[in-house]
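Here's a quick briefing to read alongside the sequence and the fold. Have a look at the structure, then work through the notes by topic.

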Amino acid sequence: MSPLPDPPPLRGRGEAPSPASAAQRGRAGEGALGVRRKETPAQRSAIMRAVKGRDTSPELAVRAMLRTFAPFYRLHRKDVPGNPDIAYIGRKRAIFVHGCFWHGHECQRGARMPKANAEYWRAKIAKNVARDAAHQAALAAQGWRALTIWECELKDAAATEKKLREFLG
Ligand SMILES: [Zn+2]
């Protein structure tokens, strides 16, 4: 599961969001006085995706790959530990697509920390990492195998597809 949204797309590449922007997302669609702004349907669905942290662009990219060779996946199943982004129920295979910042990946993007409120973000991300580990353990305990695809890996589409094929093969 990607419980949190990717960093806002309008910011610089790989730049982590500020706490203020996260707070704003939590009240997406509301103005300063809590009055709902009017959004177009496209804006509205973009906001909903950001708030729920699902159907993010890395997730969509992985799903597009899977459709070509393993299309019978289920999305965000609540009855599977960790509500994986993608699950093959019969085969007990779960795939998580993780944003490097939010899930504390050990890569350049994941290591980047906002200067403002760094401790706040560090604690938040540590919590996500711990939760991810708990999900992996719960899945393993029920006989599932899990694969994590990191956002940064998607730069190499061929390698990612190979990884997915091997995992599902
Ligand atoms: Zn990464």
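**Starting from strand β4**

Thr148 sits in strand β4. Keep in mind that this is a predicted model. From that residue we'll go through the sheet, then a helix pair, then a few loop positions.

**Thr148 and its surroundings**

- Thr148 counts as partly exposed because 17 other C-beta atoms lie within 10 Å, and 20 or more would be needed for it to be buried.
- Leaving aside residues up to four places away in sequence, Thr148 touches Phe96 and His98.
- Phe96 and His98 both point the same way from β3, together with Ala94.
- Thr148 also has a C-alpha to C-alpha distance of 9.8 Å to Gln136, with 12 residues separating the two in sequence.

**The overall layout**

- The protein has 6 helices and 4 strands.
- Going along the sequence, the pattern reads α-α-α-β-β-β-α-α-β-α.
- Of its 169 residues, 25% count as buried.
- Take the contacts between residues at least 6 apart in sequence: 59% of them join residues at least 24 apart.

**The sheet**

- The 4 strands make an open sheet in the order β1-β2-β3-β4, with mixed pairing.
- Which strands stand at the edges? They're β1 (74-75) and β4, and each has a single partner strand, so one side of each is left without a neighbour in the sheet.
- Strands β2 (residues 86-88) and β3 run antiparallel and are joined by 3 bridges.
- β2 and β3 also form a hairpin, with 4 residues between them.
- In the turn of that hairpin, Lys92 has a positive phi of about 55°.
- On the other pairing, β3 and β4 (residues 145-150) run parallel, and 6 bridges join them.

- How many residues of β3 are buried? For this strand (residues 93-98) it's 6 of the 6, so β3 is largely enclosed by the rest of the structure.
- Arg93, Ile95 and Val97 point one way from β3, while Ala94, Phe96 and His98 point the other way.
- Both sets are buried, the charged Arg93 included.

**Helices α3 and α6**

- Helix α3 (residues 57-69) packs against helix α6 (residues 157-168) at an angle of about 55°, and their axes are 11 Å apart.
- α3 and α6 are therefore oblique to each other.
- The crossing of the two helices is right-handed.
- From α3, the contact uses Met65, Leu66 and Phe69, and from α6 it uses Thr160, Glu161, Leu164 and Arg165.
- Sorted by class, this contact has 4 nonpolar, 1 polar and 2 charged residues.

- Glu153 lies in the loop between β4 and α6.
- With 19 other C-beta atoms within 10 Å, Glu153 counts as partly exposed, since being buried takes 20 or more.
- Not counting residues up to four places away in sequence, Glu153 touches Ala159 and Thr160.
- Thr160 is also one of the α6 residues in the contact with α3.
- Pro58 is 95 residues from Glu153 along the chain, yet their C-alpha atoms are separated by 9.6 Å.

**Positive phi in the loops**

- His76 has a phi near 50°, a positive value in a residue other than glycine.
- His76 is in the loop between β1 and β2.
- Is His76 buried or partly exposed? It has 16 C-beta neighbours inside 10 Å, so His76 counts as partly exposed.
- Asn117 is another non-glycine residue with a positive phi, here near 55°.
- Asn117 is found in the loop between α4 (108-111) and α5 (118-141).
- Asn117 is partly exposed too, with 15 other C-beta atoms within 10 Å.

Terms used
Residues are numbered from 1 along each chain as its sequence is written. This is a predicted model: local features need pLDDT of at least 70, side-chain atom pairs count only at pLDDT 80 or more; totals for chains, interfaces and linings use all residues. Axes are lines fitted to C-alpha atoms, for helices over the stretch in contact, and angles run from 0 to 180 degrees between N-to-C directions. Angles under 35 degrees count as roughly parallel, over 145 as roughly antiparallel, 65 to 115 as roughly perpendicular and the rest as oblique. A crossing is left-handed if the near helix is turned anticlockwise from the far one by less than a right angle, and right-handed if clockwise. Two residues are in contact if their C-beta atoms, placed from the backbone, lie within 7 Å. A residue is buried if 20 or more other C-beta atoms lie within 10 Å of its own, exposed if 12 or fewer, and partly exposed in between; C-beta atoms are placed from the backbone. Two strands pair if DSSP finds at least two bridges between them.
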